[in-house]
Amino acid sequence: MNRSNTTFTAEEYPALRSDHPCPRRRPGVAIAVAAATAMLALAGCSAPSPEAATSGFDSWDDVVDEAQGQTVQLWMYGGDEQGNAYVDDVLAPAVAEQGVTLERVPVSDTADALNRVLTELQAGRTDDGTVDLIWVNGANFSTGKQAGAWLCDWTGLLPNMEKTAADDPLLSDDFGTPVDGCEVPWHKAQFTLAYNADVVTDPPTTLQGVLDWARANPGRFTYPAPPDFTGSVFVREVLSSVSGGSDAVPLAYDDESFDELTPALYAELADLAPSLWREGDTYPASGDELNQLYADGQVDMTMTYGPATLTDLVATGVYPAGTRILTLDEGTVGNASFLGLPSNSESAAGAMVVANTTLSVEQQVAKADPEAWGQFTVLDYDTLTADEQRLFDALPESAVVPSYDVLSRSANPELSAEWVPPLDDGWRTDVLGAQ
Amino acid sequence: MSLAPLPTRAPVSGRRGIIGAMLVLPAVSLALVVLVGGIGAAVLQSLGLMPLVGPVRLSFDAYSAQSSSLPESIAVSLGIATASTGIAAVVGLAAALVIVSGRWGGRIVAAIGAATVTVPHLVGAAAIGLLLADSGLLPRLLGIEPGGWPRLVGGPWWVAVIAEYSWKESAFVALVVAGTLATRVARYDETAALLGAGRLGRLRFVMIPLCLPALVVSSTIVFVYTLGSYEVAWLLGRTYPEPLPVMALRLFDSITLTARPEAAAVAVVTTAISLAAVGLAFLALRRTAMWR
């Protein structure tokens, strides 16, 4: 298995350089390719140029002028009712006042949106793409960056970027990939476990404790199957736990560390499997399915990257009233999520206006309200004016979810995006395939 | 007793033949563009000739990359498709015979069948999931705890997946078969009855031979559809082993750019199996009495 197969650089592969609008083809395959000329005409160039595209705007005023009347399609994960409602009812009217129409396109997985862009680029649609903004982070961002799918060096144009802290590591690196002005931060997230305190009376305080609890209570715990986003981060949490803490796992990927650290991880998870829901015979296919199992009372713990939504789920009776956050002594990983602007967007200026609006204090406060969406802000609290700080201070507190300060205490950084595919693949072969 | 062969149509020749060919040309060329373009693109991608990143290089790596799990996936997909097609054919044939019987029961079955065909598979899968899951409607109505309920959704025998396909596709088979029967069954059936054939004899020697071509064709469509359909198996199935379409879409959506050729390879394998199934079905069709 070639583990680091995602890394391509222009040095290694001259065909990647943008001075080759279409990659060169070897004579040996010329006949096969010629036979399919009609089809290639359909498909256009084979590989999109991975050279990052730049915005071409000189000033913010130019952007605002150009944006007038544009329609921006924001592709985002559609499984979060509160997020959908926030974008439709709060964000869209705010950008409409600035002459930009915002349309939300729900997708079941962010990779669908990126795939759409890559497919359009592959088909030669380089300036009239249908995707204008994607709610993205992590591996999807780094994959898009490798393939040249993002517009870069545009975030500096946004006036509201000044309200974020330039030295915040969560905002300057996205799962170890430098952001380089290719995406605008939207909110922060903290991976969190939740449990039903009515059933689990003596909750564990470490991840190892959670695994022990699962063994002591067979059938009452499970996690989504990677490559689901939530399942994937759970596997990374277990990796740092069995390796002796998050410091023991190097953030940057290398084959040696992978070979050294992962046997213990997969041995632990394969050993845990018989104690899981359905004896580890099958796994929930997505975070939503795990949440459903938790809501139905089939398991006593669930996990999420968006703990703020728990308040509403308990209030509406979807989750048991005893639902509480499980804080771990060693901390959990935290990250930020972003808005990426595809390089072939037809409404790039409009997308920039939307991105700038999302960073305004009003929007970040509205989004942080647990009753609206409850997403943690990316703004730098200390640089805000006293009036602006008061808006954040006035947000209601939740009985279920502690504040971001408490949640993110001893927050650990995400492993680099190159870790994710080999870890997920290894899980399929060594845990799923081992039964 | 043997069936009188249908009058064979004289082959159309000359000007009328050319005009006929011209009339279907737009439809055929459109189908060809989609078919050749789509399958051709999948074949090219699977052979490494249309990479997203990296050099253009002819290789069979994409086919060997999943070689460890591909046989199991093929087996699971074939199993689901065969079971679903078998049940749908038997239930559909029985329903079609009831429909053409002309009694009031037939009208009810026809109405149920017509209603079922309009339900999208995704909605059907969600409904079956709500009904049959461990904490679904059925165990709750029966008062069975999740632990005591058989593992229909996500279980080792893919029961919920096969149930969804069988339910939806038996309605499809029933309507297709009933449609072909309705036009001519009464004449043959009454003639046979007048000649003294009993109910079983009429079923054996009249109804089933009349049904067979339509049954073979509709079952082939069902088989190929279930083999290539994604959403039902993903929603109601289990994590491992994966049916071919689930595997193809997982690889296609993978954040690893180099997984796309592998997804295309799985799609090409699925297509090849489908084409082989269609080929076998046509061979079988030529052997039926009605075709000759």
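Reply: The answer starts with the strand, then turns to the core, the domains and a helix elsewhere in the chain.

This is a predicted model, in which local features need pLDDT of at least 70 and side-chain atom pairs count only at pLDDT 80 or more, while totals for chains, interfaces and linings use all residues. Residues are numbered from 1 along each chain as its sequence is written, and chains are lettered from A, and ligands numbered from 1, in the order in which they are written.

A residue is called buried if 20 or more other C-beta atoms lie within 10 Å of its own, exposed if 12 or fewer, and partly exposed in between, with C-beta atoms placed from the backbone.

β4(A) pairs with strand β2 (residues 71-77) of chain A in the parallel sense over 2 bridges, where two strands pair if DSSP finds at least two bridges between them. In this pairing L133(A) is the bridge partner of L74(A). Strand β12 (residues 334-340) of chain A pairs with β4(A) in the antiparallel sense over 3 bridges, and there I134(A) stands opposite G340(A).

L133(A) also belongs to the largest nonpolar core, which has 109 residues, and is named with M352(A) and V354(A) as having the most contacts inside it. A nonpolar core is a set of buried Ala, Val, Leu, Ile, Met, Phe, Trp, Tyr and Cys residues joined through C-beta atoms within 7 Å. This core draws at least three residues from each of domain 2 (53-185 + 337-396) and domain 3 (192-332 + 413-432) of chain A, the domain bounds coming from an automatic or database domain assignment. Leaving aside neighbours within four places in sequence, V354(A) is in contact with V72(A), L74(A), V95(A), V100(A), L102(A) and L133(A), contact meaning that the C-beta atoms of two residues, placed from the backbone, lie within 7 Å.

The C-alpha centres of domains 2 and 3 of chain A are 29 Å apart, and 14 residues of domain 2 are in contact with 14 of domain 3. On the domain 2 side, helix α6 (residues 138-146) of chain A gives the largest share, 3 residues.

In another part of chain A, helix α8 (residues 207-216) has L207(A), V210(A), L211(A), W213(A) and A214(A) as its buried residues. Seen down the helix axis these fall within an arc of 155°, so they line one face of α8(A); the arc is that of the directions from the helix axis to the C-beta atoms. Their cover includes β9 (192-196), α9 (229-242) and α10 (255-272) of chain A. Within that cover, β9(A) runs antiparallel to β10(A), joined by 4 bridges, and T192(A) stands opposite T304(A). Helix α9 of chain A contains F229(A), which is buried, with 21 other C-beta atoms within 10 Å.
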